[in-house]
Amino acid sequence: LSLLALLFSACGLFEPDTGISDSFTFQSEAIGITGIAAVYYPEAYTSSTPVIYLLNGWGTDAFAWETGIDLTMEAHKRDIMFVSLSAESNLYMNNSSLPDKNYEDYVLEVVEQVEAEYGIDIDHTSRAICGISNGGGGAIYLMSRHPDVFSSCGSLSGTYYNQINFNNLRNHGIRIDVGTEDEVVLWDLQRLHNKLSDERINHDYYEHSGGHNWDFWKKYCTKQFDFLEASISGS
């Protein structure tokens, strides 16, 4: 069987059934230490392959997303690169009083560094950002601050960053999923939903049965990916 697979591969008839995972490190000026991102990509990616950046929750590392979903498989079947990163126990914002805690700038560094390293040459229409919990709040906040970098964002049980620039969210894709038993963020996300509606900003908002945990996120992260994929791949 392995010999047949080798022959098929040589003839271009054998397709890999998953993507490739990698760990990317670089010296970060924004946080003053080595930055780490987990990268998942289809084997046959090109310079125009769309990218979804994944923000992890409070206190987790850059690899936390992969504990709940097979990102190499998602990269393969969607033909999309996924880049996972973390602000650890920090908000995805700059901190003027702590120069080594500029995590808003850090996210932008990761975008620039990863795309340069992997030869990705895209604009914001092929780039999205998505997060869980603190990362979900950071995703909406960062797109509102940098609408020329990201064209759509997703929030899974995301916290509510009060510093959102709502005007910059117009003509961008937004999807929010939250559990009806989520005592951490449900009320805040209902408030955000109402604010977005009052500002007449198009967005998709869903409440489902569930709490603030991976049982919920496993169910709905693929729905988020469907939404973001349609936005950045033009499908």
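**View 1. F24, a buried residue of strand 1.** In this predicted model, F24 has a relative accessibility of 7% and therefore counts as buried, the cut-off being under 20%. F24 is part of strand 1. S133 sits 109 residues from F24 along the chain, and the two C-alpha atoms are 23 Å apart.

**View 2. The buried side of helix 2.** Helix 2 spans residues 71–78. Its buried residues are L71, T72, E74, A75 and R78. These residues lie on the same side of helix 2 because they cover an arc of only 165° around the axis. In an α-helix, residues three or four places apart point the same way, because there are 3.6 residues a turn. The cover over the buried residues of helix 2 includes strand 1 (20–27), strand 2 (34–41), strand 3 (51–55) and strand 4 (81–85). Helix 6 is also part of this cover. D79 follows helix 2 and has a positive phi, near 60°.

**View 3. Helix 2 against helix 6.** Helix 6 runs over residues 214–233. The two helices pack at an angle of about 30°, and their axes lie 12 Å apart. The crossing of helix 2 past helix 6 is right-handed. From helix 2, the residues in contact are L71, E74 and R78. From helix 6, they are T222, F225, D226 and E229. Sorted by class, this contact has four charged residues, two nonpolar and one polar.

View 4. Most residues other than glycine have a negative phi. S157 has a positive phi, near 55°. N171 also has a positive phi, near 65°. S157 lies in the loop between strand 6 (152–156) and strand 7 (173–179). N171 lies in the loop between strand 6 and strand 7 too. Are they buried or exposed? S157 is buried, because its relative accessible area is 0%. N171 is exposed, because its relative accessible area is 82%.

**View 5. Confidence along the chain.** The chain has a mean pLDDT of 93. Of its residues, 92% reach 70 or more. Residues 1–14 have a pLDDT below 50. Beyond near neighbours in sequence, this stretch has four contacts in the model.

Conventions
Residues are numbered from 1 along each chain as its sequence is written. This is a predicted model: local features need pLDDT of at least 70, side-chain atom pairs count only at pLDDT 80 or more; totals for chains, interfaces and linings use all residues. Side-chain values use heavy atoms; hydrogens and water are left out. Axes are lines fitted to C-alpha atoms, for helices over the stretch in contact, and angles run from 0 to 180 degrees between N-to-C directions. Helices (H or I, at least four residues) and strands (E, at least two) are DSSP runs, numbered from the N terminus. A crossing is left-handed if the near helix is turned anticlockwise from the far one by less than a right angle, and right-handed if clockwise. Contact means heavy atoms within 4.5 Å. Ala, Val, Leu, Ile, Met, Phe, Trp, Tyr, Cys and Pro count as nonpolar, Asp, Glu, Lys and Arg as charged, and the others, Gly among them, as polar. pLDDT is the predictor's confidence in each residue, from 0 to 100. Buried means under 20% relative accessible area, exposed over 50%, partly exposed in between (1.4 Å probe, protein chains only). The arc is that of the directions from the helix axis to the C-beta atoms.
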